[in-house]
Every structure is written in C-alpha cells, then in structure tokens.
Amino acid sequence: MHSIIQFVSRLISSKRIKSGIYPFQGGVHPDGRKEASTASPISRFPIPDKLVLPLRQHVGYIPKIRVQVGDYVLKGQMLAEAEGNVSAAIHAPTSGTISQISEEVIPHPSGLPDMCMTLIPDGKEAWTTLTPIDWRNQPKHQLVSSLRASGIVGLGGATFPTHIKVRADGKSHIHTLVINAAECEPYITCDDMLMRERADEIVKGIEIVQFLLGAERCVIGIEDNKPEAIASMQAACHAMEYLSVKVVPTLYPSGDARRLIHLLLDTEIPHNKRATDVGVQVFNVATVLAIYRYLVFGEPAINRIVTVTGGVNHPKNFEVLFGTPLRTLIDAAGGAKENASHFIMGGPMMGFDLPSIDVPITKAANCIIVATPELFPEPPSALPCIRCTRCADACPVYLQPQELYWFSKSDNFEKARDYNLFDCIECGCCSYVCPSNIPLVQYYRYAKSEIIATDRAKEAANLARERNEFRLSRIEREKLERAQKHAERAAAGKAEAAKAEAVKAEQIPDNSTQKASSTGADDVKKAAIAAAIERAKALKTAAAQSEHAPVNASKEKLEQVAAPAVPPKASDDEKVKQDKQALIAAAIERAKAQKLAANQAGNSPMNTDNVSPAVQAEINEIDAMRAKAKELIDQEKA
Amino acid sequence: MNRSPYISNAPTVSVIMLKVLFALVPGIIAYTWVYGGGILVTLSLATITAVASEAALLKIRQRPIAPHLTDLSAVVTAWLLALALPTLAPWWLVVVGTFFAIVIAKQLYGGLGYNPFNPAMVGYAVLLISFPVIMTKWPAPLILAQTKLGFMEQLQLILGGVLPANTPLDAITSATPLDYLKTQLMLEHEIASIGQAPIFGVFGAQGGEIVTGAYLLGGVYLLQQRIISWHLPTAFLGVLATMSFVFYVADSTHFANPMFHLMSGASMLCAFFIITDPVSGPTTPKGKLYFAAGVAVLTYLIRVYGGYPDGVAFAVLLMNMCVPLIDAHTQPRVFGHNDSK
C-alpha cells in the first residue's frame, strides 16, 4: 500500500531525480538570495577596539577561565580550558589585555546575559608559540586530546565540540565521512565563499579528518546553486581517489545531517541512533578547514567566516575574529539600511533574533541578516488550521505537523510525544507553507520545552521517592537490628542471671532484667520515630523545592538532607556507617541506572544528536525560552 | 527571541478557496447552457445567505469578521450546496439549506477548521430529509423540456413560485436518470430497455453529462494547481468504477455500467469538490485513499439498494464520522522509524 502511494506520488511529482542521489520526501524551495553576498571575495575584518568572548560558544559545559583581569595575553593563547568531555577551549583572537570578566549580552535566543571575557587588543598581533602537529606520525588518541585544546567546534551552526566527533567510541567503525557543504538556508554564503577561495585547504583538512576517523571514503555534498564552489572543490580533489563531490538538488533542508546522509548514501538513520551508529560522520567544510589550520599550523579557533547580508548596503563575507562586536561588522558592510528593524543570526528559516546589535560574533555565527520590513514582512494574523496537509507534504521528517499543532495547542503533550514531536528538527518548512500563517514551529518549541520541564520535574520526584524508600527501609532495618541487639543482650543477661541464680535458687523465675531492657528498647524506638518524622519533613521540603530546580541541585540538596539524617545515636559503629554510605551510593547508582534505562526505553525525549546535550547543559535557557514561548502562545490564543 | 522561520511562501486560504471557486466556473457555464440561467439565481441566493449568516454568527461569537469572510470558505460551501440542489427549487429551500450549512454545521462547531462534517452536505441532507418531494423535482434539460423557460421565467419560479400560464410543473421537470433507473428496475424492467428513455445521454444523463464533464475539467485544474491531492479523486472514481464494473459484469441486465455511474449524479462534483474538503476529511495519504474508497462504496450501495436516488451526501457524512479513526490508524512512517502506526 505504502509503496503504491510512493510510486504514484513520485510519478506525478516534478522532482528531477539524479542518479546517485536519493531524495527524501518533503522540503521546500525558498528564494535563495545568495547572490548579494557572493559578489565580492571574503574580506579580512580589521582588529576591533575590543573583543568580547562569551564562555558559552558551543554545545556542552562551559570552559574554565585560565586568565585574570589585567593579564596580558598573546594571540592564540588559551584563555579558557575545556572542562569535561563535551566542552571547548577559548583562545585569544589577538594579543592584548584582559580588561574584564563579566556578564554581557550574548547572541542567544534567550537574550540573557552570560559570562564573557573582554580583551582589549594592543594591535601587535603577537602570536603565542604555535606548535604544529605532525599528525601523520602521531597516535590518534594524542591527536584527539590536542584537538580538545584547539577550541574547534562545528562551524555549521551546531557548535558541537569537534574532538568528540573524531574520537573513536570503540563501538562503531566509521566507513564514510560526509562533508556538509549543502548550505541550504537562504542568504548564507560563508561555506560557498570558503569553498570558492580555499578549496585546497579544505581538501587537506578532509584528508586529516578521514585519517582520524579511519573512514574509507568521503563524500562532499554541495547544492547545485553553487556552481563556482562545485567547480573549485572538484578541481581541488580530482586527484583524490576516495573523495567525491556529489551535487545535490537545491532543496531546503538538504543541509540537515540526516537528510544529507539520505541524499548522498541512501541511508536513513534510525530515529534513536546517531550517524556514527551506521558508520557515518558528518563535518562541515569550515570545520575541516579549521582542523587543518590547527594541526598543520598550530592555529587554534580564533576566527570564522561570517556572511553579513540582508538590509546592509554592501552585503559580503568577512573573516572575523571571535568576539568582534556586531556593530562594527555591520558598519564594515556599509551600515544597516535606515529601516532595519532587527538582526537575525543564522538563516531566515532557523535563525533567531539577536537581543541587540551589541553582541559579539561567536563560533556559531555563520550569518548575520539585517532584517527590514521589505525582506521579512510581518505575517498576517493566523487563521484556523484547515487541515490542508501542505505542512505534512513539506515535512522532511514525514511528521504530521497539523496533528502536532493540535496537540501542542491543546497542551496534550503526551499525544504530541506519541506523534514523534521530538523527531521534529524545527526546520520551519511547515510554517513556510502554511496557508493559515500559523507559527507552527513556535508551538513545537513550546511543547518540547514543556515536556522537557515536566520530565525533569518527574525525574527529580523519582529520585526523591527512591531516596525516601531507601531511608524507610534503612530505618526499618535499624530498628530490627536494635531489637535484635537488645534481645541478645537481654538473653545474655538472663543467661548470666540464670547461671548465678541457678546456684541460689532454681525454682523462682526472674523477669526483671528482661523487663528493664524492653523498656529501654521502647525509649530508643520512640526517639527513633521522632527523629524519623523530623527527617521526613525536611526531606519533603527539599523534594518540593527540587521539583523546579535542576536535577543536580536537587541531588545535592537531597544529599545534604540525607547526610545528617543518618542517626548518630544508634549506629556509632564505624563499620555500620560505612555500610550505610555504601548503600546510599548503591541507591544513587540504581536511580541513575533506572534513569538511563528509561532513557533508552524511550520514556524520555529522544532528540537529535545536537539538541540533547544542549538541553542537558542549558537548563536556564530552556526555562527562559519556555516562558517566552508560553507568552507567545498566550498572545496567540488571545 | 526565536521565532523563525521569518519567510513564508504559501497561498493564503483565500487564494485556495478562490481557486476552488474558479474551478467550478466551467461546471456553472455548462449548467447554465444545459438547464438555463436559473442556477445563477440559486447561486446568488446561496452566496448572500452564506455570507450574511457567516457574518452574523462571527459577530455573535465575537470573532473578527473581515478575515473570516474574506477566506471565502462560506462562498465555497454556498456554491457547492447550490449546485447540488434542484435548480428551480424555491428560494426558501436554498436559504434554509445554506443557513443550516453555515450556522449549524460550521459556525456552531467553531467555524472554519473545526467542523467535523462537510457543511454543504449537511445542508443537502437536511433538505433531502425534510423536503423530499421538492428535492427530487429536477428541471429537465432545456433540450428535453416540453416548455422551455427563459431566465426571467425561471427567476419568477424560484422567487415567487409562479409558473407561466398553461405550464404544469411536469412540463419543465423530469426524473433524473439515477432516479428513473431505480424506479424502472423496481418495475422489473431491464437496463437495456430503460436506457432507451430520452433522459439518457451517451454516458449518463442527457445534458447532465456535459455538466459532469465540466466538473471533471475543473477538477483537473485543481489537481494541476495542487489545491487537492490526487489520492481522493483517484480512489473515489477508481473504487466507484471497479465496484460498478463488478456488478455490471455479474449481471448487466440489472446493474448499470461503470461509465454511467461515473458520469451520473454528483459523482464528479463529489470526487473533486466535495470529498476534497480538507477540514472534514482525513489528513494522511493512506487515510485519504480509505476515506474516498469508503465514500465510493457507500455511494454505490445507496444508489443501488438505498431509498435515495443518489447517495453522495449520506456517504460523505458517514465517512466524515470515521475520519478521526482513519487518521489515527493511518499515520505514515516517520523518517528513521521502521514502523508505521
């Protein structure tokens, strides 16, 4: 049945299918508008008066600051060191003095300020000692750990730390390296220009990444709206045997990793797996170039290509140092047009409004669009959904956006999850084709953040319950132990007394010792119960507080509460104490394992590789986004 | 603030509805040519009633009036109902039907996007049950009618119920082929002899088949414009043809041939304009096939075994009820999932 439908659909569809290209269903054809910024070559942006370097420029943990205010730093010197696995270092884009370490507005959808290091350049461009790495003759694990210090993250916009992606996980063998050069979003041309101008370096970078991954072959996917880039890449890699350039039709969102892998390799990555699970790893062109610059010249990630386009007088691409204030960049592009309303980071399909013009360029900033009312007119007010299913036809994930909209709108989140809300990549195709102008993606963002928040609260509650159950069983066990001890003592005393009295008089039974000891046991019991009630109260408050707090915080709180809760009077014995601690640790482990199992079983949101770690690390942003989305929905409803 | 995408490129609801109306134009022209200009009166009456009652209800429900009137959905409902009614039906029949379609079947359920039943078909069914006699008084095509009414005479008949002097109602009406076929079969006549009656044309009704052909033309335009998906008309016409073919092959003396079923009654109007109403129809590709097939089967059964000459309205309403069930059980496979629900 399904195959018949597909067959007929394909028959009547106007899509031209090229050989060796495996189209996915859906997608849209927005007006590219790329010509504006490709007319002139990439220009190197001069060193600005100050550089503001946010600590949070990537997905994962924020790095640890290694400098102090007043420090003089050299160009390329590490300012912050990657902490934990998923993290990236930050380097000085030029030489100068650290003037302050403070909270500044950063380019993030939440608009919230975050910790930044401000560097006042001295204009000398004095490099630190660069140490190129002979990558061919170094063990791979060493290369990976040196990449960890490179600060390189995915420059396509996902900003996932690169050293994680080249690290062998020991589970799957990567056979194919896919280079994502599709650049399917309108307006953005930074990868296009990079390929036109630096194809040789890119190919060298590909060689390195291929070596690191041990991939047998590499496919470069470029959309057919970039003929110059295609020609330049083909020329650069014509001698390479295991490297091929595949031209994919211009269709948004071909640049999404899963869509691109389908297009190039005819592989559909299962929703609960990553590309690496099927032996494929995807890198952006700019990222491989950065890897090349780092390993061969020792240059860490200090700059990137940024497209500045839209309502500016001279749209073009700049090579910009990280931390450069956006305002100076806009000025360099001829200034914003008079009716510029706001600034968008990223493309018009998935980008977001910058909170202000006074934000720095970060590792994620592939494109800055100056929005004007002509370019992005306010959409007319939304009409009711007429179930026309244009959104379903356009969805590259084959979801039913009209159903998800309905469920999200009515806060029917469980149903939304059932209909695979978390497979949604928020590409915006559904909103793009909606005749009723419904901001569909907003509804999905809202539903996702609500579900994530609920899950987190549930997790915290589960943890609290787990601990409480453990505590109750411990109290029960202690009570039994105590009773046993008393009984033993009493029995021993009785035996002693019996022995002694056996000598005196055998006929008279004596219960006094037993009586006394049992009264003692009652007192202990009462005290234990009172203490237990106290502790239960404390634990309850903690649980209530932790419901809205992040998991880690709640865990800490619970530990604080639980630690003094171990009754000191009944168990002075050191060994018993240790045992108990071991048990607590075991309980925590169990809770963790359960959580993991629940994750694997699909009770928890299963998101794309990019989102999950982000979610883990960016609790505050999600809450802020959630509040905003809620507000928006409320407005919508009103 | 994350509110992407910033761009969109979609025909608005108004444009979609406008294209549907445009696709009905060939049918209306053919209708006028075959039956006279009375249909234009009926269409106007229905349109005015629909727009007025939509506006009134929007006001009562305190909804913005302008955006909902300009979406043109009420006009589409009005036209579809008007085209389904007997042309020379009295004005109040048109008004009552349209009022019921817009007020009860659409606005009281929540307006555009929220009605579980096809409003035009609800209006039609209400009229058919309430006024069965008038609803079966179909005008004869002008070429067959004993008395040919001019536009003004048709206008007078519709608005005032006045027939020209010396003209009995029977002189201007005739049974529809579907109706005639059913009564004649009950009188134990055979198809071959029934088909000799002048009301039969090449495929379906004399004259009526031209209108049907014009609907088909409009339907092809809608397909080409991607206003409707191919699933619904293909499945409906395919199943209707297959089913009538099976019966026809089994017993050609008592069952009409497939072409007759495709070109008679409301088949084409149903295939391209009625079951394609997105609001009351299913949303999944597979669901659309099931839905249309269900309508076709029910239509055929009502036509052949039921008490009404044509079964489209009831078939559509019955299948409308099944839409949530169909949608829930035909969820397509999601990218990266191997199972489909």
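Where does B:P5 lie in chain B? B:P5 sits in the segment before α1, the helix that spans 13-35. Keep in mind that this is a predicted model. I have a few backbone features to show you.

Now over to chain A. Which peptide bond is cis here, with omega near 0 degrees? The bond from A:Y252 to A:P253. As for its setting, A:P253 belongs to the loop between β11 and α6. The strand β11 covers 243-248, and the helix α6 covers 257-265.

Next, positive phi. Take A:T159. This residue is not a glycine, yet its phi is positive, about 50 degrees. Where is A:T159 found? In the loop that runs between α2 (140-148) and α3 (162-166) of chain A. Buried or exposed? A:T159 has 22 C-beta neighbours inside 10 Å, so A:T159 counts as buried. The cut-off for buried is 20 or more.

On to A:N437. Again, not a glycine, and again a positive phi, this time about 55 degrees. Look for A:N437 in the loop between α12 (429-433) and α13 (440-504). How many other C-beta atoms lie within 10 Å of A:N437? There are 16, so A:N437 is partly exposed.

For positive phi, go to A:T159 and A:N437. Of these two, A:T159 is buried, whereas A:N437 is partly exposed.

Notes: Residues are numbered from 1 along each chain as its sequence is written. Chains are lettered from A and ligands numbered from 1 in the order in which they are written. This is a predicted model: local features need pLDDT of at least 70, side-chain atom pairs count only at pLDDT 80 or more; totals for chains, interfaces and linings use all residues. Helices (H or I, at least four residues) and strands (E, at least two) are DSSP runs, numbered from the N terminus. A residue is buried if 20 or more other C-beta atoms lie within 10 Å of its own, exposed if 12 or fewer, and partly exposed in between; C-beta atoms are placed from the backbone.
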